[in-house]
Amino acid sequence: MQLTASSIPQGFSTFVTNLGIRDTREDFLFVKSDVESVADGVFTQSLFAGSSVTISRENLKDSKAQGIIVISKNANVANGVVGKTDAEEIIQIVSTETGVPANNILIASTGVIGRRYPMEKIRAGLSGIGKKLASADFHLASRAIMTTDNTPKLATRQVGNAKLVGIAKGVGMIEPNMATLLTFFFTDAAIPPDVLRSIFRPTIDKTFNCLSVDTDTSTSDTAIILANGLAGEVQEHEFTRALYEIAHELTLMVARDAEGATKVIEVMVDSASNYAQARRVAKAIVNSPLVKTAVYGADPNWGRVAMAMGKCESAREINPDNVVIRFDDIQLYPNSSNEENLEQLRQVMSKDKVNIHVSLNIGEASATVWGCDLSEGYVDTNSKYST
């Protein structure tokens, strides 16, 4: 997606470059707001969270930020004290060069774990950054944060007089345990901190936190939103809807672009006793390697869905006799022993997007999650990632 000037939120500038962390492609992004912004963020729950995560958590405690640094191809994780020192130095360099207070700068890193930043290259590459900032180019920004992504991920909406844009990076190591991967939202809407938090976190929870590619939670997962207020106030319900639409759109982009993926899988579980139960069952299905490989091969082995549900042993209130399993509108359980149904199922599973619908019939709650199939391409990509 290409953004026009009329769809870019006012008051933001960007600097994108190659610092030599990766080959010749962009590997560094700095987004700056002209003014201090209301901000919120959610981060990985991993015990091995990187220095970028711990620093950004601390800097967001006052719900304010003015800039975000993103470094691609190096996660700066498992580097101990020196990793934190390196990240703090990068923030200080950017602060000195741009005039943004260091405690108002957030940082995110993505890439190989256990390697130090090439600090000499970074110091040289950031010299004069303050004079190199230009009108925000969020399409270029979405490219700069990519690692093994095939395509940049960008979406935008108009909200009253304000604009909202979101970018995301991620195609592997995605089983969110907070938000997911790296995703950033920028708006010129004026929103109080408590209201922004009450909108942002549930939105992330019902979009990115319902996405899974490979059941592996990243050490660097980061989701941040900046609202600089330059366009004035907006209707809360309109902003909530726009933010959800963008987050949902980006979530599906990640699922489609996932490492080795050929199809998107959407699992909807309804008639559950509560939302947590519905999502737990749906995640068990979308995360199953056997379900994923069946979808990849368009193999009408629907029984793997029942198998995956069976792993939710703690949900004893689920009675298999009451469960209904469908692919699209084809009911397969109960009463599935039908060759015509299986042929229809094969056709459904050959589509680019495969919809699995499970009804537990014990309550009124529902949840939808997204993922992808599992092909040889995933193994090929990840067996060569660091080399």
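The protein chain folds into 12 helices and 14 strands. The model is predicted. Its C-alpha trace spans about 70 × 50 × 40 Å along the principal axes. For 387 residues, a compact globule would have a radius of gyration near 21 Å, and the chain has 22 Å, so the two agree.

Of the 387 residues, 56% count as buried. The chain exposes about 15,700 Å². Carbon and sulfur atoms supply 48% of that area. Now take the contacts between residues at least 6 apart in sequence. Of these, 80% join residues at least 24 apart.

Asp-86 gives a local view. This residue sits in helix H2, which covers residues 80-98. Is Asp-86 buried or exposed? Its relative accessible area is 3%, and the cut-off for buried is under 20%, so Asp-86 counts as buried. Which residues does Asp-86 touch, leaving out those up to four places away in sequence? They are Arg-116, Tyr-117 and Met-119. Asp-86 and Ile-55 are 31 residues apart in sequence. In space, their C-alpha atoms are 11 Å apart.

S4 gives the largest share, with three residues. By class, the lining of the largest pocket holds 10 nonpolar, 10 polar and five charged residues.

The second largest pocket has a volume of about 250 Å³. It is lined by 13 residues, and Ala-306, Met-309, Gly-310, Ile-318 and Pro-320 are the closest to its centre. How does this lining divide by class? There are 10 nonpolar residues, one polar and two charged.

For the second largest pocket, Met-309 and Ile-318 are among them.

Key: Residues are numbered from 1 along each chain as its sequence is written. This is a predicted model: local features need pLDDT of at least 70, side-chain atom pairs count only at pLDDT 80 or more; totals for chains, interfaces and linings use all residues. Side-chain values use heavy atoms; hydrogens and water are left out. Helices (H or I, at least four residues) and strands (E, at least two) are DSSP runs, numbered from the N terminus. Ala, Val, Leu, Ile, Met, Phe, Trp, Tyr, Cys and Pro count as nonpolar, Asp, Glu, Lys and Arg as charged, and the others, Gly among them, as polar. On a 1 Å grid over the protein atoms alone, a cavity is a set of points where a 1.4 Å probe fits but cannot get out, and a pocket is an open set with protein on both sides within 12 Å along at least five of seven lines; lining residues have an atom within 4 Å of a point. Grid points are joined across faces, edges and corners, and a volume is the space filled by probe spheres set on the points. The radius of gyration is taken over C-alpha atoms; the globule rule is 2.2 Å times the number of residues to the power 0.38. Buried means under 20% relative accessible area, exposed over 50%, partly exposed in between (1.4 Å probe, protein chains only). Contact means heavy atoms within 4.5 Å. Accessible areas come from the Shrake-Rupley method with a 1.4 Å probe; for residues, only the protein chains shown count as cover.
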